[in-house]
2 protein chains.
Amino acid sequence: MSTPKYAIVQEWIKSEINKGTYKNGEKMLSENELMEKFSFSRQTIRLAISNLENQGYLEKIKGSGTYVRIKNNNSNRETRNIGVIITYLDEYIFPEIIKGIENVLSDNNYNITLGITYNKVEKETSILNSLINKKVDGIIVEGTKSAMPNPNKEIYAQFKKHIPCIFINGSYPELDIPLCSMNDVEGGYMAANYLIERGHKKIGAVFKSDDMPGHKRYEGFMKAMHKYNINVDEKNILWYTTEDLEFLFKGDADAILLKRFEGCTGIVCYNDQMALNMIRFFERNNIKPFDDVSIIGFDNSTLSKFLDLTSVDHMKYDLGALAAEALIKQIKTGEKTGVKIKTEIIERSSVKDIRN
Amino acid sequence: MSTPKYAIVQEWIKSEINKGTYKNGEKMLSENELMEKFSFSRQTIRLAISNLENQGYLEKIKGSGTYVRIKNNNSNRETRNIGVIITYLDEYIFPEIIKGIENVLSDNNYNITLGITYNKVEKETSILNSLINKKVDGIIVEGTKSAMPNPNKEIYAQFKKHIPCIFINGSYPELDIPLCSMNDVEGGYMAANYLIERGHKKIGAVFKSDDMPGHKRYEGFMKAMHKYNINVDEKNILWYTTEDLEFLFKGDADAILLKRFEGCTGIVCYNDQMALNMIRFFERNNIKPFDDVSIIGFDNSTLSKFLDLTSVDHMKYDLGALAAEALIKQIKTGEKTGVKIKTEIIERSSVKDIRN
DNA sequence: TTTTTTGAGATGTACGTATATTTATTTGAC
DNA sequence: GTCAAATAAATATACGTACATCTCAAAAAA
């Protein structure tokens, strides 16, 4: 069994307390009410309550009820500890972000407490609860799917009253928590602009559809094309989802792809890994990448260095560093500022100048 | 009812502990034994044990039993915080290691406090000092260059007296701190063995000389060659340093490399990035990689997935996970154990079977 | 000999039932 | 209106059952 039922109840109670639904001293739902709410047996509910009692969240009074009673271990002393919550660590942009955060924070004598959510809301809840317990001086969060309604939103709302917060990549606008993010629209614009300036007119693109940055980069791409009055043939713009990767670039779909990108002299790719896919695709079909077709990627990853691929760098390190600086500023002065990170094209040899 | 049954059991256990019948660390009667002894139900016994656990008299270990473990509350109070110190984060093996550590620790309700040393001794010193201040429950360390004399060695010696430690990748043998590391010798052996079993006899290799794993992988490589009585031509083994990367694989040295690997049907590469270098090198010189020359890499990185490169996986995730488990074991029981991580070959299409 | 599998024993999770004790509110007698 | 009794609601104690999961050592296989 993945998460025991009693643990579900525990997490729920904890997060409700942290949200502020039940305040210190107030009466919690009775065992019977919790039974009905979760449709668990009374024993299971009692186990959860008993655990929380031992952890110092609740107090039971026989015959009366269960009450929130938070034991404040130590007062509001400085911990010089910052919580950093991210969705993933293995995707190649995150290590750089963390590096940026770590460098700034350690220069200011802060430690990092790291949490990884794997884009799962429940994991995020438990990390947030444990950070509240630990009393951090501030948090930097890359929230789980910010487009969807997130039950942790209320915890964040509670959080920001006492503890400085900074979001990175995405945020909940209604919460008024500052955001540090890369400028994907500008990145898409620059990529297209870079090709156009070197004489390319028929430009294809590959974007990820199930991802916010994908849409933003497309927006920037189109902006550049319109600025130069270049008609965009939608056929040349390929949208894919994570699931498409399985078959779309393995060779089976080459005939389709050839038609989609027929006559294109340059391709803007969603990221460097996609650029690699396209390079392999062209090689398989006797089209020389970089020479016959210019290619431009995103992320300026290790991959692009090895491939000698021109790539749009969104300064992942700076994103982390500036987020950390914004947080420290907020801790010191209370001033809430966000940042948009600059993008930059790292020139390598994958784009050919075809002007006469 | 005057005194509840569970209280009777509690009092009995307490007095037996105080009498010295069961000493600290010793195994208490099992739930079933207590059931029989008192003729109470298992739930009642469990309640008594659970209360004593919360009072700091007992500890339950699932699948093993209930043990006497008397906690002295005040001084060394639990922080449920583990320090993790690594040299780098951006090199591609580290995120996986951290993921392994994080998963195990968060399952056990520990937080991670992350420190990055960038292989600099002074940075390591300041991180260690700040962790001592923070009173972590344990640390997992990837030490800075363990071959060199490290002034932090004494800090570690102090550390390990009070706080459980685990080293990963490398350690200072004289400190007697357990080590979790990958088995590079075995990895080198497996890579060579894999090629030999598929009919390759003239096998080249590229190893990193300024790095411990490079030497270990070479050692394993030679072991396999000797086992099959294959004479190794030292000319076919290329050693490089970090600095060599600048010019050795950019094309200028192709003539030299061609001579070095003349006639080789397979190449063992120090890691996947080096494998990519070799692939590019062969392509430049009209030798079809994978077809004319089999190639095997190390690390099973994203790169190898994209290149469809057979690679030796040293289970970076497991390294982190097992190190974390070893640390938790040490915190709970005081038992100091290290682990050697298994290696495994991830088969893809870069090695050709050339047996007749 | 070494490695793998099996199995017994231990704790963990979960449900059901029944009765006891305490608290707080409502009801009813005065 | 006041006070005591009845009642409802809440937690406390206690037993039974079932199956899940983990540990460790013994047995079996390589």
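How many bridges join β4(A) to strand β4 of chain B, and in which direction do the two strands run? Three bridges join them, and the strands, of which β4 of chain B spans residues 111-116, run antiparallel; strands count as paired if DSSP finds at least two bridges between them. Within this pairing, Ile112(A) has Leu114(B) as its bridge partner.

The model is predicted: local features need pLDDT of at least 70, side-chain atom pairs count only at pLDDT 80 or more, and totals for chains, interfaces and linings use all residues. Residues are numbered from 1 along each chain as its sequence is written, while chains are lettered from A and ligands numbered from 1 in the order in which they are written.

Between the two chains, 19 residues of chain A are in contact with 19 residues of chain B (C-beta atoms, placed from the backbone, within 7 Å). Elements of chain A that give two or more residues to this side include α4 (94-107), β4 (111-116) and α5 (121-134). Helices (H or I, at least four residues) and strands (E, at least two) are DSSP runs, numbered from the N terminus.

DNA strand D is surrounded by 21 residues, and among the closest are Glu31(A) and Lys5(B). A residue is near the strand if its C-beta atom, placed from the backbone, lies within 6 Å of it. The largest share of this surface, three residues, comes from α3(B).

Chain A itself is assigned domain 1 (5-68), domain 2 (81-182 + 317-342) and domain 3 (184-313), with bounds from an automatic or database domain assignment. The C-alpha centres of domains 1 and 2 of chain A lie 29 Å apart, and six residues of domain 1 are in contact with eight of domain 2.
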